[in-house]
Amino acid sequence: MCLHLDPWWGSVCVCVCVCVCVCVKPLRSVAALSLSLSRSMDFLKLCTFETFQQLWSHYGYGGNFRDVIEQEFTRIKGITYLDHAAATLYPESLVRDYCQDMSRNVYGNPHSHSPSSRLTHDTVERVRYRVLQHFNTTPEEYSVIFTSGCTAALKLVAESFPWRPPTESEAGSHFCYLTDSHTSVVGMRGLTCSRGVAAVPVSPQELDNRTEDEAQGEDVICQTPHLFCYPAQSNFSGKKYPLSHVKGIQARRLYPACAHKGRWFVLLDAAALVSCSSLNLQTCPADFIPISFYKMFGFPTGLGALLVRNDAAGILKKTYFGGGTAAAYLSGEDYYVQAANISDRFEDGTVSFLDIIGVNHGFDALYRITGNMHNIQQHTFGLARYTYMLLSSLCHGNGRPVAQMYTEGQFESPVTQGAILNFNLTDSKGQIIGYAQVDRMASLYNIHVRTGCFCNTGACQSFLGITNEQMRRNLQAGHVCGDSLDLVDGQPTGSVRVSFGYMSTFEDCQKFLSFVVECFVEKPVTVDQVRLQKLKTATAASRGSDNHPSPKMTNGGICKVDEETATEASLKGFAHRDSNSHGEAYTLTNIYIYPIKSCGAYEVHDWPVGPLGLLYDRGWMVVNGNGVCLSQKREPRLCLIRPQVHLPSDKLLLRASGMDTISVPLQSKTQLHTSSQVCQSRVCGDRVETVDCGDEAALWLSDFLGQPCRLIRQRPDFTREMKKRPSGVAATTSLSLVNEAQYLMINRASGELIHKLMSCRQDDSEANQLLDTENVISRFRANLVIAGVEPFEEDNWSHLIIGSTQFLVAGRCGRCQMVGVDQDTGTKTKEPLTSLSAYRTGKITFGVYLTHQLPEDSAAACVLSVGSLIKPEPHSC
Ligand SMILES: Cc1ncc(COP(=O)(O)O)c(C=O)c1O
């Protein structure tokens with residue numbers, strides 16, 4: 001065998017190398033020598049990027065892929081990393097952004113209620129959304145339970161599935177798994193067997209051949225729960241199993257479900273699939289989906305998730321309860337009520353919150369570099385297919401194949417095959433070369449592959465033809481999983497796996513093939529042209545499409561409740577009282593809109609009423625680098641941003657002291673039809689669909705606030721409904737990005753009263769910050785300010801009419817430390833909360849929420865005007 005450490009192709013020395021290799025073999029004729037040289041050159045030609053491109057057109061992600069790789073993966077220079085199925089590599093920007101995030105923000109334990117804890121909680125919630133979004137589903141359908149990895153997620157299902165052992169009258173549950181499963185799936189058997197539950201291994205052939213034409217359906221009488229587990233992609237061969245099996249099993253059309261009555265649940269092991277492919281849970285409603293995040297972005301490790309279909313979550317039963325999982329429990333008695341929220345219920349103790357935040361940066365980096373999962377799938381499949389074609393056509397000088405490939409198909413399509421090649425090399429006599437020898441040589445060349453059985457004994461036995469008896473004998477011969485005893489009696493105990501990742505390059509394929517040729521091919525190198533031709537024409541059926549478009553991933557954001565509220569309105573008829581007990585008229589003195597949630601007010605004199613409240617009020621919000629909604633609680637300087645809605649030019653102007661004014665269009669319709677990113681965000685626990693307003697606004701905000709942020713707006717066709725519908729209101733109330741209700745109305749007299757109280761209480765530390773009434777009023781961030789009313793009189797109203805527009809009082813507005821932010825300076829004071837809470841015992845409220853009641857057929861738009869008279873109707877109690 002010729003061992004030569006120089007690169008094999010692309011230069012004159014290649015030919016010399018080939019000649020030398022040939023020369024050390026038994027003497028050949030000159031004609032034979034020149035023939036072998038030309039065959040070698042054939043192979044050299046096959047190993048060019050030009051040939052690759054003729055075979056597969058999807059390479060890289062647009063832009064200069066080589067530059068991106070150089071910038072993001074400088075550490076792998078000189079290394080050919082081909083073990084992505086074990087763990088892919090993180091890009092440098094991921095860890096850089098993560099470190100910046102960690103050094104910029106204070107993340108407390110998410111179970112506390114401090115501002116730092118809220119930040120963690122909100123960011124973790126945002127990551128849950130992002131995970132669901134990535135798999136094209138929603139919190140209404142699935143929950144994300146964070147675990148330490150895929151294996152822990154599998155164990156969680158094994159431990160909490162309601163296994164029923166057989167009884168005299170009932171056959172009991174079945175735990176069924178595809179034999180081509182990872183050890184961590186098969187290992188669930190340890191638990192089920194100990195509970196007397198039958199474990200049924202199912203071979204891929206059985207699954208295909210023993211199906212019923214008709215769906216057997218769920219049995220109404222027999223509700224015995226059964227579980228079928230299968231991998232979405234084999235971690236051994238890269239074979240992708242049909243996702244349609246999920247519905248097939250649930251409907252009891254497929255074996256083994258068609259053979260056993262009861263309720264069938266499906267666990268889809270997606271750990272291997274998700275590193276290079278999308279998974280659409282809309283079309284594949286598996287009940288349990290375990291994953292590990294390092295397989296997707298390389299960082300963080302030690303973190304995975306179990307995605308659970310909400311409809312299936314109810315059957316999982318827990319015995320242990322850890323911190324955070326209980327709604328209530330008694331320490332002195334066996335009393336425990338589990339948390340209502342599915343994620344809370346199963347996440348024992350404190351989740352690995354900093355790692356979870358790392359997932360956000362993982363998604364950011366992955367999408368930034370690749371665009372989407374579909375692109376990754378096309379890129380990696382192309383590399384794997386090309387390597388497969390060449391390796392499986394490669395022959396020794398005597399015409400014998402160099403590799404024995406372990407694959408079911410022939411890399412026809414990325415729908416059925418992932419970016420994994422599994423094989424053993426053979427010598428020119430057809431003898432297997434042990435995987436450990438290949439591994440050692442590969443290490444010498446700095447090529448990183450995986451060898452052995454890959455924690456998938458089922459597939460290993462099936463592909464390598466190892467019987468159970470032989471497995472036992474191999475153990476007796478001293479072979480254990482993961483060791484280097486690669487051949488027993490000349491038979492392989494394992495194989496070699498090469499796997500590609502989103503950042504693999506054509507050079508990786510070249511280097512690997514070069515290595516095989518240099519180290520393991522008896523020269524001259526020949527190619528089985530017939531086979532190669534066949535592979536070339538075996539069209540990748542769905543080349544260019546995988547029928548699983550990945551949902552667009554964007555930087556959504558969430559915002560949790562900033563202000564607690566009490567909703568106590570009731571619906572009654574109107575009376576027409578329009579003055580206070582002193583005969584003063586009730587009037588509307590100020591109208592404010594807050595186009596961007598938590599930013600400064602824009603005062604107007606007359607303003608149209610839109611479907612969600614005052615037109616454009618809280619139509620936009622600012623999210624941080626993790627897509628989490630920023631509020632003044634976290635970023636008081638938001639109040640210094642003074643957005644202005646300029647109706648004549650159809651623009652939202654962004655203004656702030658020291659900054660050039662910029663604008664974004666008001667008309668969101670145009671945005672919808674452009675390539676604007678659609679995000680899912682959170683406002684007060686509600687999911688809202690938003691669109692990103694582009695880089696200019698993002699840069700402007702980031703510049704002003706000194707941290708990465710973006711401006712997003714509510715999608716105009718997205719309806720968010722008010723959670724607490726006031727009693728008596730038939731129709732639902734649609735909301736913008738407000739916290740609670742369409743309008744917030746405060747009473748000037750209440751503000752004046754609080755100001756007076758503050759003046760009396762003023763302590764030394766805040767003596768020089770004596771606030772005036774207007775300053776106090778501005779801190780309560782009302783839409784409507786009214787006058788002529790006794791302090792807090794509005795608390796007792798149920799309805800009112802302002803001008804000609806009818807409103808319903810939807811509850812009182814609870815207050816928190818956010819009123820401490822001086823809206824003129826962005827500084828924080830203890831007042832007016834201190835005086836307000838001293839005056840208002842119990843729930844600290846100030847002002848009331850309103851919902852408009854527009855006539856259904858109102859063609860003429862309502863307009864509110866300063867100076868309008870107000871006619872309130874008090875509660876009748
Ligand atoms: C298909 C499959 N399932 C499960 C696992 C176990 O994942 P982890 O070791 O991250 O828990 C793996 C790991 O490679 C895998 O490929």
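V609 stands opposite L614, a residue of strand 25. The model is predicted, so local features are reported at pLDDT of at least 70 and side-chain atom pairs at pLDDT 80 or more, while totals for chains, interfaces and linings use all residues. Residues are numbered from 1 along each chain as its sequence is written, and side-chain values rest on heavy atoms, without hydrogens and water.

Strand 24 (residues 606–610) and strand 25 run antiparallel and are joined by 2 bridges. Strands here are DSSP runs of E with at least two residues, and helices are runs of H or I with at least four, numbered from the N terminus; two strands pair if DSSP finds at least two bridges between them. The open sheet holds 3 strands in the order 25-24-40, with antiparallel pairing. Because strand 25 (613–614) and strand 40 (863–865) each have a single partner strand, they stand at the edges, and one side of each is left without a neighbour in the sheet.

Turning to the ligand, its surroundings consist of C150, T151, H182, N235, D269, A271, A272, S292, Y294 and K295, each with a heavy atom within 4 Å of the ligand. A side-chain N or O atom of D269 lies 2.5 Å from a nitrogen atom of the ligand. Taken alone, the ligand exposes 390 Å², of which the protein buries 86% (Shrake-Rupley method, 1.4 Å probe). Helix 7 (150–160) and helix 12 (294–297) each give two or more residues to the shell.

Definitions and conventions:
A polar contact is a pair of N or O atoms within 3.5 Å; within protein, one must be able to donate a hydrogen and the other to accept it, and residues adjacent in sequence count only if both atoms are side-chain atoms.
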